[in-house]
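Please keep the viewer open while reading.

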Amino acid sequence: MQLVNGRYAVVDLASGDVSEEGLPEDYALSGPKVLDRIDDILRGRDDAIAIGSGVLTASFIPAACAGFLRRLGDSPSAERICPLTGNLGVEMKLSGFDFIVLENAAEEPGYLWVRDGIAEFVPSPGMSERDSWGRTDAVRSEQGDRRIQVISTGPWADEALPTSQLVMNYWGGEDKNGFAAEFGRRNLLAAAFRGMGELELDDPEGHFASSNELQKAHISLLGRSSGLAAFSDAASGDALVQLRHRDVACFGCPFPCRTFYKTAEDPKTMKLENKEPGYLAYDIPAMDRMTALGLSSRDLISVMTKCARHGAEPVSVVDSIASRGSGVDVATVESLLESRGPASAVGRTLPGAFSASFADPESFVHCLSLGLCPRYWARVGFDLGPLSVAVERALGAACQL
Ligand code: SF4
């Protein structure tokens, strides 16, 4: 099959049993409808969620980095899908599965470990004592590879708090709809991926050339690249610009929205001396909200770091403090994080969130289910015509985009 693995795994967290299933030959041609297929599979299983990739994930198409988490429920589709950015979606796909279905709950805490066509649940009760950064470090150390891509939870998710957030390789910004709580109530502390797989393409040169054409056409639409400041007014303020160390792109993205801010050492020095020199920020709603609440740039980075380590969603945290009439600062945030709340989930699509990239939620789901970053594609215009050429050259057949 072109561009996909043609199989998925089902992991029963309660028993540890893993089964593998093949996908039909026309799976890749389903384009965004792969999400319907995943939903159908979830529907047939008890209380299951999926971690998946799109048909275009890991292709040469610009910003084809995205994977996603998916659950069923009564809420709108856009609230039941959570993006995976960075290298997570790509690593997930190259691990040999198009998606992983997780069903039931584990009896003791542990993590999902997927690599090179093998998926398993690894019990690891001691890991519960660590925060999200410690959990990521523990998985990488235990499996002996620093490049493992890790979705982790922190202590907030262990109590299945709806205000918890998933942390992607130490950073947060994707999970605004409580997917971390889904992990927590399943005793799932992390999901880790590493893959050396290769994907077949019908016409690799043609696909590469037409993807390059797409990227060239995007240059004039993207504007000047300045990291997160190109996407967020809060990040363009002088104080944060002073802390900017470098911009970091996801797989295949020519216009990064992620900026690493250094607070523990000189931001102008490329070398990282300190073990924890700063934070990679791309959580636009959190940046905007904390700036509006008057936090200084250093405090803002400190709060983002603390929330990520605890696995707590920062907008919910600072809004909960502000709603009590208390001042929001590092100390009040720390106190709330340590006491695990109470905090209320914001319960709405936040301006600047990935799900708000497009004016209509359907386009967000459509773009993400293809494996494309919604933030990037909303900026360049989600024009399916030019995209279809690159896709057809990869698949060797027209695909319903
Ligand atoms: S726009 Fe940002 S989140 Fe999207 S692919 Fe580029 S760097 Fe990643």
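## Glutamate 182

In this predicted model, glutamate 182 counts as buried, because its relative accessibility is 11% and the cut-off for buried is under 20%. Glutamate 182 is part of helix α5. Leaving out residues up to four places away in sequence, glutamate 182 touches Ile49 and Arg71.

Aspartate 47 and glutamate 182 are separated by 135 residues in sequence. Their C-alpha atoms are 9.9 Å apart in space.

## Threonine 57

Threonine 57 sits in the loop between β3 (49-53) and β4 (67-71). Is threonine 57 buried or exposed? Threonine 57 is buried, because its relative accessible area is 0%.

Which residues surround threonine 57, setting aside neighbours within four places in sequence? Its contacts are Ala64, Cys65, Ala66, Gly89, Val90, Lys93, Leu199, Leu370 and Gly371. Valine 139 is 82 residues from threonine 57 along the chain. The C-alpha atoms of valine 139 and threonine 57 are 24 Å apart.

## Aromatic pairs

The model holds 12 aromatic pairs. One of them joins tryptophan 133 and tyrosine 170. Their ring centres are 5.6 Å apart, with 75 degrees between the planes, and the pair is edge-to-face. This pair links distant parts of the chain, 37 residues apart. Tryptophan 133 lies in helix α3 (residues 132-143). Tyrosine 170 lies in the loop between β10 (167-168) and α5 (179-184). Tryptophan 133 is buried at 7% relative accessibility. Tyrosine 170 is buried at 14%.

Tyrosine 170 also pairs with tryptophan 171. Here the ring centres are 5.7 Å apart and the planes meet at 65 degrees, so this pair is edge-to-face too. Tryptophan 171 has 15% relative accessibility and counts as buried. Ring pairs connect Trp133, Tyr170, Trp171, Phe260 and Tyr279 into a cluster.

## Charges over rings

Two arginines deserve a look. The charged end of arginine 258 sits over the ring of tyrosine 282, at 3.9 Å from the ring centre. The charged end of arginine 375 sits over the ring of phenylalanine 354, at 4.1 Å from the ring centre.

## Cysteines

How many disulfides does the model have? The count is 0. Cysteine 307 is in no disulfide, and the nearest cysteine sulfur, in cysteine 82, is 16 Å away. Cysteine 307 is buried, with 0% relative accessibility.

The cut-off for a disulfide is 2.5 Å between the sulfur atoms. Cysteine 367 is buried as well, with a relative accessible area of 0%.

## Two domains

The domain assignment gives domain 1 (7-200 + 381-395) and domain 2 (227-339). Their C-alpha centres lie 25 Å apart. Contact involves 29 residues of domain 1 and 28 residues of domain 2.

How much area is buried between domain 1 and domain 2? The value is about 2,100 Å², and carbon and sulfur atoms give 59% of that area. Trp133, Trp156 and Trp171 supply 34% of the area that domain 1 buries against domain 2. That is more than any other three residues supply.

## Helix α10

Helix α10 covers residues 314-323. Of its 10 residues, 8 are buried, so α10 is largely enclosed by the rest of the structure. The buried residues are Pro314, Val315, Ser316, Val317, Val318, Asp319, Ser320 and Ile321.

Which helices do the buried residues of α10 pack against? They pack against α4 (155-158), α8 (284-292), α9 (297-310) and α11 (330-339).

Definitions and conventions: Residues are numbered from 1 along each chain as its sequence is written. This is a predicted model: local features need pLDDT of at least 70, side-chain atom pairs count only at pLDDT 80 or more; totals for chains, interfaces and linings use all residues. Side-chain values use heavy atoms; hydrogens and water are left out. Rings of Phe, Tyr and Trp (its six-membered ring) pair if their centres lie within 6.5 Å; planes under 30 degrees apart count as stacked, over 60 as edge-to-face and the rest as tilted. Helices (H or I, at least four residues) and strands (E, at least two) are DSSP runs, numbered from the N terminus. Buried means under 20% relative accessible area, exposed over 50%, partly exposed in between (1.4 Å probe, protein chains only). A charge sits over a ring if NZ of Lys or CZ of Arg is within 6 Å of the ring centre and within 35 degrees of the ring normal. Domain bounds come from an automatic or database domain assignment. Contact means heavy atoms within 4.5 Å. Buried area is the accessible area (1.4 Å probe) that two parts lose on being put together, summed over both.
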